[in-house]
Amino acid sequence: MAVQFHWALCSFNAGDGHQINPAAPERPATLDYLARVARAAEDAGCVNILVPTGTHCLDAWQTASALAAQTKKIKFLVAFRPGLVGPVYAAQQANTLDYFTKGRLSLNVVSGANSADLKRYGYHAPHDERYEVTEEFLDIVHRLWREDGPVNFEGRFFHVEDAHVWPKRHSNPHPAIFLAGSSPGGKRVAARYGDVHVYFAYEPETVAKEIQEVKKLEKDFEREAPLEFGVRHCVCVRETKREARRAVEGWLSGSDIANTATWADSVRLSESTSQSRINEMASRESLWLTDTIWMGVNKVRAGGATTFVGTPEMVANQFREYIDAGVTHFIMHGWPYLEEAEIFGREVLPLLEDVAPVILSDS
C-alpha cells in the first residue's frame, strides 16, 4: 500500500519560529505566512496539510478555505469536533469545501481532545461518551453521503428529520476520514468509520501491536476499503546528527507550556489514553529513547511530541521502521514549520522512493 506524507499548519496563537511555544510568536499566524507554509508543504510532496482545531487556533474551516485559493493541489486535513457541530451541518460544510476545491479535503474528526478546552466551548460530555457521540454523528454523515433519500435518525444524541444537504461533494466516495484514539472507544469508531486511524508515534513495536488489534475489530464491520494507519509526530533533519540535536534542543529555549492554557491542560489534565502514553515516554530517564527518537517537545507542548531527529538517512530509516510496523500515513512538522517542510521535501523524500510515496498531480 502506498505511503502518504502529510504536513501540519501552525494556525494557532504560538505561530511559527525557531522555538516551540514562546511567550510571543516569532512569526505570527497571518494568512500570508500560513500560505507560505502550505505552499512549502505542497512543493515538498505532502498530500495533506493538517489544519488544527481548539480555542488556541484559528477556525479550521475558514483557514482551509482561505488557503485553498492560494495553493494548487495539496489537500486540507480539517480538524473539527463532533460535539460542537451537528452532523448535517458538518456534512454540508465538508461538501461545500470539497466541492469548491474539487476534492482537496480530508477530515480529522477529533473525539477525545481534552475536557478543559471543550468546556470553554460549552461542551461537557465525558471522555468515553464523546466517542459514542462521534459514532452516531458519523452514522448520520455516512447516510447523507450515500444519498439514498432524506435521512431520518433518532439516537441517543441526535434526532434528524428528512435531512439532505447541498452541494454534492466532489470526492468519490467521500473525503477521507482520519480518526485518532487509543482508548477502546477510539479504536471501535476508527474500525467502523475511519479511513485512517492515527496514533501519536509510540515506539514502532507498540504501534504494530495497536494496528493488529484494530485490524481484528475492523472485521466486525462492513467497510468500503481496508482501514489504513498513521502516526502524528515531529521531525528535525540536518546535515549531521550533531546539528540536528542542537536544533531540537534549541526548540525548548524560551518555550514554556504555560504560554498556552490549551497545551498545558492537554499534558497535565488530559484523560486521553494517547496523551498519557506520550507523557510516560517523555518521563523516562532520558528524552532520547533511541539515537533518532527524542521526546523533548512534550515538555513544552501537548500532542504528537515524538520527534524523528538526525541526518536525512537517519530520519528516512526511522520512517521505514514505522512503515514496517504497518503505518502508511505520517502527519508531521518541525520548527520552523516552513523551513522544515522544505528540508523534508529536498533531503528526505527522495530517499524514500522505494516506499512508493503518493505524489499529487497538478491536474
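Student: Is K187 buried or exposed?

Tutor: This is a predicted model, so keep in mind that local features need pLDDT of at least 70, side-chain atom pairs count only at pLDDT 80 or more, and totals for chains, interfaces and linings use all residues. Residues are numbered from 1 along each chain as its sequence is written, and side-chain values use heavy atoms, with hydrogens and water left out. Buried means under 20% relative accessible area, exposed means over 50%, and partly exposed is in between (1.4 Å probe, protein chains only). K187 has 6% relative accessibility, so K187 counts as buried.

Student: Which helix is K187 found in?

Tutor: Helices here are DSSP runs of H or I with at least four residues, strands are runs of E with at least two, and both are numbered from the N terminus. By that numbering, K187 is found in helix α6.

Student: Which residues is K187 in contact with, leaving aside neighbours within four places in sequence?

Tutor: Contact means heavy atoms within 4.5 Å. With those sequence neighbours set aside, K187 is in contact with G181, S182, H197, E210, E213, V214 and L217.

Student: How many of the ten residues of α6 are buried, and which are they?

Tutor: α6 is largely enclosed by the rest of the structure, because seven of its ten residues are buried. They pack against α5, β7, β8 (196-200) and α7. Their names are G185, G186, K187, V189, A190, A191 and Y193.

Student: What is the N to O distance in the salt bridge of E210 and K187?

Tutor: A salt bridge is a side-chain nitrogen of Lys or Arg within 4 Å of a carboxyl oxygen of Asp or Glu. The pair links distant parts of the chain, with E210 in helix α7 (residues 204-218) and K187 in helix α6 (residues 184-193), 23 residues apart. Both E210 and K187 are buried. Their side chains meet with an N to O distance of 3.0 Å.

Student: Which residues are linked with K187 in a network of salt bridges?

Tutor: By the salt-bridge rule, the count comes to 21 salt bridges. The network that includes K187 also holds E210, E213 and R277.

Student: How many residues apart in sequence are the parts that R169 and E147 tie together?

Tutor: The side chains of R169 and E147 meet in a salt bridge (2.9 Å, N to O). R169 is buried at a relative accessible area of 16%, while E147 is partly exposed at 41%. R169 lies in the loop between β6 (159-163) and β7 (176-180) and E147 in the loop between α5 and β5 (151-154), so the parts they tie together are 22 residues apart.

Student: Why is α3 called oblique to α5?

Tutor: Axes are lines fitted to C-alpha atoms, for helices over the stretch in contact, and angles run from 0 to 180 degrees between N-to-C directions. Angles under 35 degrees count as roughly parallel, over 145 as roughly antiparallel, 65 to 115 as roughly perpendicular and the rest as oblique. Helix α3 (residues 87-101) and helix α5 (residues 127-146) have axes 9 Å apart and pack at an angle of about 50 degrees. That angle makes α3 oblique to α5.

Student: And how are α1 and α12 set relative to each other, roughly parallel or roughly perpendicular?

Tutor: The axes of helix α1 (residues 31-44) and α12 come within 8 Å and cross at roughly 10 degrees. Y33, R36, V37, A40, A41 and A44 in α1 meet Y337, L338, A341, E342 and G345 in α12. Going by the angle, α1 and α12 are therefore roughly parallel.

Student: What is the relative accessibility of K102?

Tutor: K102 lies in the loop between α3 and β4 (105-109). Its phi is near 60 degrees, a positive value in a residue other than glycine. K102 counts as exposed, because its relative accessibility is 61%.
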